[in-house]
2 protein chains.
Amino acid sequence: MSEPTARSLGEFGLISAVTARLPQSDAVLLGPGDDAAVVAFPDGRVVATTDILVEGVHFRRNWSTAYDVGRKAAAANLADVAAMGGTATALLVGLAAPADLPVAWALGLADGLRDEAALVGAVVVGGDTVSAAQLVVSVAALGSLPGRFVTRSGAVPGDVVVAAGRLGWSSAGLRLLQSGVLEGPLVDAHRRPRPPYALGVVLAAAGATAMCDVSDGLVQDLGHLARASGVRIEIESACVADEAVSLADVLTGGEDHALVATLSGPVPQGCRVIGRVVQGEGVVVDGEAVTGGWDHFS
Amino acid sequence: MSEPTARSLGEFGLISAVTARLPQSDAVLLGPGDDAAVVAFPDGRVVATTDILVEGVHFRRNWSTAYDVGRKAAAANLADVAAMGGTATALLVGLAAPADLPVAWALGLADGLRDEAALVGAVVVGGDTVSAAQLVVSVAALGSLPGRFVTRSGAVPGDVVVAAGRLGWSSAGLRLLQSGVLEGPLVDAHRRPRPPYALGVVLAAAGATAMCDVSDGLVQDLGHLARASGVRIEIESACVADEAVSLADVLTGGEDHALVATLSGPVPQGCRVIGRVVQGEGVVVDGEAVTGGWDHFS
């Protein structure tokens, strides 16, 4: 008997099989299966973000399992919520897939989304499934804020720049995959980023003046933060260096979803100082301007 | 000089050009440009839903303008929020697009999303843009609830079934487009559905026991409602007949995003009675079981 596919199960059979694997939480007033979900946000503020993963661009089915893709798709969104000083509560998932997609792949994706979300207490509350030639996973995350939220625009000269989480591991892992190496910690880091979710709330409470996650590369994402804040950011390469990867990967590799923040007060446990905020513009490393990072259309 | 494309403008140039066209609202505490948006929901409950549109499946660039696609993508989500008894506040938009996508197409899409959202007072608060071989527009909507929310599962025998909005126009319009007819009210209805957004809140306040929007076809969507409620729904063809389209289109055509609801009280203005809820299961039309509607993978 051939393997069940989206076509053989049908749209509604597939949706039922997926939602059966998804636990709900106390915050969910109405879960999957209706026109929309209803989620409680007692403090009346919602952090909202979305990220799309495309096969061949963000993942390859021969390099990552469906479970890995689910973990990674959730991580990209959960990290964005953390980077505001929030905690994700609910995910919405859109899946555009060929009709011959194995049902097992969709279930693996759901399991990965579920397990990554569970790291912060979030659950999948709804979604949409459509047919498409190319496999696309779209996730939106909703989060709550225990306190203040932190934008990219509040850094001031005199602040230190701190980082939490890995830098450069995902891009180093991608290069290994491209060269035929299919196992190891760097490859694992590419398949399943490990953002330091809990430190987003900690950094907000510690008075972070600006914060973002590193999606496109340290220099590029700090460049956005520097521009939004109207400041210059000076990085010390000795402070970001990591024996596991090259300095180029640390500075320009994306998709690890580390958190970077600026602040003037004591540095929270789990964060390392990597530089400082001064007057001016741009990002410099050891005194030299650096550019580079991911642009989807270049 | 050649037309600007996503590639020539770059990811961040494209995002800047799009967000410059998007007004914000009082509910938006932080709009586009950061890791995530922050939106106020004073009553602490959020209606959340997502829908994906794929080129070649949900739209064709030679049949619909980018503006039309934006209107349609927003409408599918806003109607889901309305079908819960809510009003959408904020949209998140994901765009997966080839690098040669004309910038004008992305701007037209943004304008369409903006203008459809404005019909209910919602705004686009964030998004993501990635490269892909196939053009995919993913929208998530967040909405607030002025009162109770209405699921699909509360219909009880004795209720009447009411509908608001067009039925069958979009599918009739699609068939005209397929036959080469590019203008006319049915074709317009396929390009830009007109869901009766305001009636969702009205029906909830009027005591609707169950409600959904018609995305996949009247019989199919009422079938979901009947199954969730554990009832049978009897439709009178004379009550749904529409001189503009065939009865088959009325019963099985999707994408008009009409609202259908069950209730026992007075029928609100703008809604028409199309049938009744009885004991049993399934959907019957003039006493005969009917099936049919859209399945993405069949």
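## A strand pair in the sheet of chain A

In the β11 strand of chain A, A:Arg276 is the bridge partner of A:Glu234. This pair belongs to a predicted model. Strand β9 (residues 232-235) of chain A and strand β11 (residues 272-278) of chain A run antiparallel and are joined by 4 bridges.

Where do these strands sit in the sheet as a whole? The open sheet of chain A has 7 strands, in the order β8-β10-β7-β11-β9-β12-β13, and its pairing is mixed. At the edges stand β8 (210-213) and β13 (288-289) of chain A; each has a single partner strand, so one side of each is left without a neighbour in the sheet.

## Helices that pack on the sheet

Helix α7 (residues 198-205) of chain A packs on this sheet and touches β7 (160-164), β8 and β10 (259-263) of chain A. The direction of α7 makes about 5° with that of β10(A). Helix α8 (residues 218-229) of chain A also packs on the sheet, where it touches β8, β9, β10 and β12 (282-285) of chain A. The direction of α8 makes about 135° with that of β12(A).

One residue of helix α7 of chain A is A:Leu203. Is A:Leu203 buried or exposed? A residue counts as buried if 20 or more other C-beta atoms lie within 10 Å of its own. A:Leu203 has 27 other C-beta atoms within 10 Å and is therefore buried. Beyond its neighbours within four places in sequence, A:Leu203 is in contact with A:Gly85, A:Ala208, A:Met211, A:Leu259, A:Ala261, A:Pro268 and A:Cys271. By contrast, 40 Å separate the C-alpha atoms of A:Leu203 and A:Ser16, which are 187 residues apart along the chain.

## Helix α5 in each chain

In chain A, helix α5 covers residues 169-178, and its buried residues are A:Trp169, A:Ser170, A:Ser171, A:Ala172, A:Gly173 and A:Leu174. These buried residues pack against α6 (185-191) and α10 (247-252) of chain A. After α5(A) comes A:Gly180, with a positive phi near 100°.

Helix α5 (residues 169-178) of chain B has B:Trp169, B:Ser170, B:Ser171, B:Ala172, B:Gly173 and B:Leu174 as its buried residues. They pack against α6 (185-191) and α10 (247-252) of chain B. B:Gly180 follows α5(B), and its phi is positive, near 100°.

## Two domains in chain A

Chain A is divided into domain 1 (8-144) and domain 2 (160-289). Taken over C-alpha atoms, the centres of these domains are separated by 26 Å. Their contact takes 17 residues from domain 1 and 16 residues from domain 2. Which helix gives the most to the side of domain 1 that touches domain 2? Helix α3 (residues 66-82) of chain A does, with 9 residues. By class, that side of domain 1 has 9 nonpolar, 4 polar and 4 charged residues.

## Strands and helices elsewhere in chain A

Strand β6 (residues 136-144) of chain A is largely enclosed by the rest of the structure, because 9 of its 9 residues are buried. In a regular strand the side chains alternate between the two faces of the sheet. Both faces of β6(A) are covered: A:Val136, A:Ser138, A:Ala140, A:Leu142 and A:Ser144 are buried on one side, and A:Val137, A:Val139, A:Ala141 and A:Gly143 on the other.

Strand β6(A) is joined to β3(A) by 8 bridges, and the two run antiparallel; A:Val47 stands opposite A:Gly143 in β6(A). Strand β4 (residues 87-97) of chain A also pairs with β6(A) in the antiparallel sense, over 9 bridges. In that pairing, A:Ala141 in β6(A) is the bridge partner of A:Leu91.

Two packed helices are described by the angle between their axes and the distance between the axes. The axes of helix α2 (residues 11-19) and helix α4 (residues 103-118) of chain A come within 9 Å and cross at roughly 35°. This crossing of α2(A) and α4(A) is right-handed. In the contact, A:Leu14, A:Ala17 and A:Val18 of α2(A) meet A:Val103, A:Ala106, A:Leu107 and A:Ala110 of α4(A). By class, there are 7 nonpolar, no polar and no charged residues.

## Where the two chains meet

Between the chains, 60 residues of chain A are in contact with 59 residues of chain B. Strand β3 (residues 45-54) of chain A supplies the largest share of the chain A side, 9 residues. That side divides into 35 nonpolar, 14 polar and 11 charged residues.

Strand pairing also crosses from chain to chain: strand β2 (residues 37-40) of chain A and strand β3 (residues 45-54) of chain B run antiparallel and are joined by 4 bridges. A:Val38 stands opposite B:Val47 in β3(B).

Notes: Residues are numbered from 1 along each chain as its sequence is written. Chains are lettered from A and ligands numbered from 1 in the order in which they are written. This is a predicted model: local features need pLDDT of at least 70, side-chain atom pairs count only at pLDDT 80 or more; totals for chains, interfaces and linings use all residues. Two strands pair if DSSP finds at least two bridges between them. Two residues are in contact if their C-beta atoms, placed from the backbone, lie within 7 Å. Axes are lines fitted to C-alpha atoms, for helices over the stretch in contact, and angles run from 0 to 180 degrees between N-to-C directions. A residue is buried if 20 or more other C-beta atoms lie within 10 Å of its own, exposed if 12 or fewer, and partly exposed in between; C-beta atoms are placed from the backbone. Domain bounds come from an automatic or database domain assignment. Ala, Val, Leu, Ile, Met, Phe, Trp, Tyr, Cys and Pro count as nonpolar, Asp, Glu, Lys and Arg as charged, and the others, Gly among them, as polar. A crossing is left-handed if the near helix is turned anticlockwise from the far one by less than a right angle, and right-handed if clockwise.
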